[in-house]
Amino acid sequence: MAKRKKNNDLPKIKLNKSNLKKSLRIFNYIRPHQWKLFIGLIFLALTGATALIFPKLMGDLIETAEFSSEEINKMGIVLLILFTAQAVFSFFRVVLFVNVTENMLLQIRRATYETLVKMPMQFFSSRRVSELNSRIAADISQIQDTFTTGVAEFLRQIIILIGGIIALFLTSVELSLLMLATIPVFAIVAVIFGKFIRSLSKEAQDEVAQSNIIVGETLQAIASVKAFTNEAFEILRYQKSTTSIKKIAMKGGLARGAFSSFIIFCVFGAIVLLVWYAVKLQSEGALTQSELVTFILYTIFVGASIGGLPVQYAQIQKAVGATERVFDLIDEQPENITPRPIKNQLQGKVEINNLSFAYPSRPDIQVINQINLHVNPGETIAIVGSSGAGKSTLASLLNRFYEPTLGEIRFDNLPATSLSLYELRRQMAIVPQDVLLFGGSIYENIVYGKPEASKNEVIEAAKKANADEFINQFPEAYETIVGERGVQLSGGQRQRIAIARAVLKDPKILILDEATSALDSQSEKLVQDALEKLMKGRTSFVIAHRLSTIKNAHQILVMEEGKIVEKGTHNQLIEKDKGVYKKFIELQKLSTLS
Ligand SMILES: Nc1ncnc2c1ncn2[C@@H]1O[C@H](COP(=O)(O)OP(=O)(O)OP(=O)(O)O)[C@@H](O)[C@H]1O
């Protein structure tokens, strides 16, 4: 249901040469299954053809009423064979179309996902990821619907429309001309009328949404409404909106009423006109009874095809739009993170020279402003500063999630850009503040740090991260499923799993975002101890919140508005009278005391 709704929300685009050409690229994904599509199309044509024979045979069956019962039975059997053939053709048509579509979607789904996960961080920071995800899902399911049924239906209806009109003329030219003079006119008027009604109901929906916003806003800010005694103002606002809903809905009702009487009048009018004329022709001997039946059945077929075509066409329009968007994504430039043997084994020396950075979405705000830093292998750097100072951004730049606007970062005397992203990131690990575990088992979550690790290595890592003990307390130990379907782990346990993951990765450079939320003292001690073990022998950048981490760091960077305003050890910085760090530590002490 939700999927339908989403598909219905997809925009219909005007078909033109350029978007059609782009969408036709989809056939590249069909190429290996072309022959199935070809046979599917033959079955489709056969289904259409058998459908077209049906009215003729029905007419013939009626004619046999005047013949022997043997003839009648024979006619019945012919019809039965026809039905059976149609059923078989239809079966193979559906199976083949689904087969081709699903094979094609398999490639498209993989290609979109592959591009998506390889896109640089900048791509994600400029888009709402959940929106992107649901849009792609809606686009792909639109392509699926259109290819499995829409295109086939469209072609089948065109076959029936053209074949039906030819058959009508073969049955009776005079009646066909009369029919063609009336039905398409009605159909066109009905489509225009329908469009008008739809636009009215859209207008009504928008107005209803508007009035719901008023209710939502008022209730959310009810305290403000009351404090300003603005109840009467809000009531008036709502009244205006509801009056407008009523007016539009009434107008819509009027149009719908007119539309239904128009349809009734036209449908019955057309039937009466045709039958009247047919009977006249019959009485003049220009038309047999069986021809009349055949004619009426063909008319119904043609009418249904005309009625169905706009729906199928709209579906194709939506699918072309969806295909275009999917290809726009597939054509994006992903990061090059191809795995290859690591040439430069890093020792952990880091140099930052004149580093400046602004996010591409806000180019005039310098989030990192002329930073210089020299870090020896194995040192711990504590980064402190108020919220928004640029601490996380500096960590992102070290990871090359973004490229600096000015300046450079060097690892072991090599410019960061001379290392491949794969090489660099394989030798770095992040332990984030809010650890998000994947939905699998604890084991899978730890081994994520080094997919080729053995079971022993995983257990060793968990032990170093002080996680082995609590993991073994679960009945299923390492196979315990975490997240939605399994146990919910505490904050401290999640952090220790993330630490185990990092231990397993055995990076040379570590980026640690200390959790601000307080853990209970037992858990805190275990996490702290695990972190200390993890940091040993590695260059560690810690976005620090704990006084103990800060005090023990080899260097402390105090950041403010993207700049390093103070740099040194705890003892050096605490000496500075009126220094930012000194003030920061005093505040920190106060907040831990309170
Ligand atoms: N993806 C982004 N696009 C644009 N601006 C961003 C983006 N991420 C962060 N910023 C901005 O960059 C500035 C620095 O943010 P950053 O997250 O690095 O600060 P921080 O010191 O880590 O803060 P906190 O301690 O609150 O995490 C902030 O003004 C923030 O609004």
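How many nonpolar, polar and charged residues make up the shell around the ligand? In this predicted model, the shell has three nonpolar, eight polar and two charged residues. The ligand is surrounded by 13 residues. The closest are Ser125, Tyr359, Ser387, Ser392 and Thr393. Helix H11, residues 391-398, gives the largest share of this shell, with three residues.

The overall architecture was examined next. The protein contains 20 helices and ten strands. Its radius of gyration is 36 Å, whereas a compact globule of 594 residues would have one near 25 Å. Along the principal axes, the C-alpha atoms fill a box of roughly 115 × 65 × 50 Å. Buried residues account for 27% of the 594. Contacts were also sorted by sequence separation. Among those with a separation of 6 or more, 80% join residues 24 or more positions apart.

One residue was followed in detail. Leu573 lies in helix H19, which spans residues 570-575. Leu573 counts as buried because 21 C-beta neighbours fall inside 10 Å, and the cut-off for a buried residue is 20 or more. Leu41, by contrast, is 532 residues from Leu573 in sequence. In space, the C-alpha atoms of Leu573 and Leu41 are 78 Å apart.

Notes:
Residues numbered from 1 in each chain as written. Predicted model: local features only at pLDDT ≥ 70, side-chain atom pairs only at ≥ 80, totals over all residues. Helix = DSSP H or I, 4+ residues; strand = E, 2+ residues; numbered from the N terminus. Rg over C-alpha atoms; globule rule 2.2 N^0.38 Å. Buried ≥ 20, exposed ≤ 12 C-beta atoms within 10 Å, placed from the backbone. Contact = placed C-beta atoms within 7 Å. Near = placed C-beta within 6 Å. Nonpolar A, V, L, I, M, F, W, Y, C, P; charged D, E, K, R; others polar.
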